[in-house]
Amino acid sequence: MADQEGTPQKSLGTDVISPSKTLYSTPSTSTSGFNSGNDMSPPWDQGWQLFIPASIQDGSSRFGFIENALSEGNEQKLIEVEEQCKSLVNECEEGSDERRWLVRQLVEVRLKIQEKKDEDVSLKATVRLVLGHHMQLQDNNLNNTKLQCDRCCAAIWAMIHSWFRCIDCDYVCHTRCLSLITRACVHVAVSERPEYELRICPEVGLASSQRFKCTECNTPVTFTDQSWSEPRLCDYSGFYFCPTCHWNTSAIVPARVVHNWDFEPRKVSRAAQQLLRLMAEKPVLILKDLNPRIFGLVEELSVVQGLRENLLQMKRYLSTCDSAISEHLMWQLGSRQHFVENAHSYSMQDLIDINSGTMLPFVNQIHESFAKHIKKDCKVCHGRGFLCEFCHDPEVLFPFDPAVYSCPNCLFAFHNSCWLEKGNDECPRCLRIKQRHSRLSIPQEDDFS
């Protein structure tokens, strides 16, 4: 068991777990090899446990011949199964769970065929496929690093032990634990369904839904019997785990951030921690849909939102400017390219940086750099500015300037005070365009360029 401060120990009373099938293949970035080792897997709406279609879980499934062929390893039979898999993929409805599962199995069959054709490939050059993990044998010629086995919780001494690491999710285990892995690779779920559980700790109940067993490895858990393992609640998924699968690791939970702007780390399972790490920089949180009121309560978030909307306006200039393209101006955003793709998607790392105060200076710097190019450094971009048609002031206006009203259709810019004073319901430029189209009997289009 693990103590309350997060030191994992080996759990007691573990059920007998049938060894998972281990396949050998050349390295690959595919998400093949997934097969649930838990016969009571809950319906994972959270996204970190991949959904297995009921027809495939059924023992009488018409897809059972694939598992049999992979187990036997006969090359000729595998080639026949490959053709059958391709036919089944074409028959299944596009986007269905069965089709996705068959595609992964097809990849797995092909990797097995390749392995059969290349029997002389050394072990270090291979990857073993276990429940979606691409487990790669690690070099022992490392510093005397101490790691923790994700399966048995015992120490891994890199200089002494033979061990594997998943090249997708960083799951590590001893070689002896490879066939005992029960956790599906979270990279599979993140790749196919990149989404968070956005209910706050959706606890399902240890007795009613889990039958007093760890949701990952089926180890018996209870609060009363000391001979069983201690159940630990994952604040992210709402399921209970044994100490082997839940090390009392703390992480910031997305649901609490989105709904409460709460960045207090909570205890989560190992699988949830891996999921949150892999998802950290994926811009999948649309705050205006999830919690629009949060912008009125968090000042920095509101300011960043406004600057992002300006960056989108600036992109119209920079993306068509040869000078800006040659200078790679938009590369200044680094991994945050979604800032110039839309104004509403945020990653968890974005929200963490906003809360810590590091995001606003970063976005301000980018905003100033883009504005300087458009308004001062580049004559082409500056020439695409606007003059207010109401007051005829010689000052050149841009849609991203403060105190400027920009028409949502043609992007023409006016002083905000002039627009309000005139009380116009329609932009003069849009009106001229409509009149011109009417005279020429040309159907109106949305292209105002």
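**Exercise 1.** State which residues of H13 are buried, and what covers them.

Solution. In H13, the buried residues (under 20% relative accessible area, with a 1.4 Å probe and protein chains only) are Met359, Leu360, Val363, Ile366, His367, Phe370, Ala371, His373 and Ile374. This is a predicted model, in which local features need pLDDT of at least 70, side-chain atom pairs count only at pLDDT 80 or more, and totals for chains, interfaces and linings use all residues. Residues are numbered from 1 along each chain as its sequence is written, and side-chain values use heavy atoms, with hydrogens and water left out. The cover over the buried residues of H13 includes helix H10 (299–318), helix H11 (322–326), helix H12 (348–356) and helix H14 (379–382); helices are DSSP runs of H or I with at least four residues, and strands are runs of E with at least two, both numbered from the N terminus.

**Exercise 2.** Compare the reach of helix H13 with its expected span.

Solution. Helix H13 covers residues 359–377, which is 19 residues.

**Exercise 3.** Describe the chain as a whole.

Solution. The chain holds 16 helices and 15 strands, and buried residues make up 49% of its 449 residues. Among contacts (heavy atoms within 4.5 Å) between residues at least 6 apart in sequence, 64% join residues at least 24 apart.

Definitions and conventions:
Expected span 1.5 Å × (residues − 1). Buried < 20%, exposed > 50% of the residue type's maximum accessible area, 1.4 Å probe, protein only.
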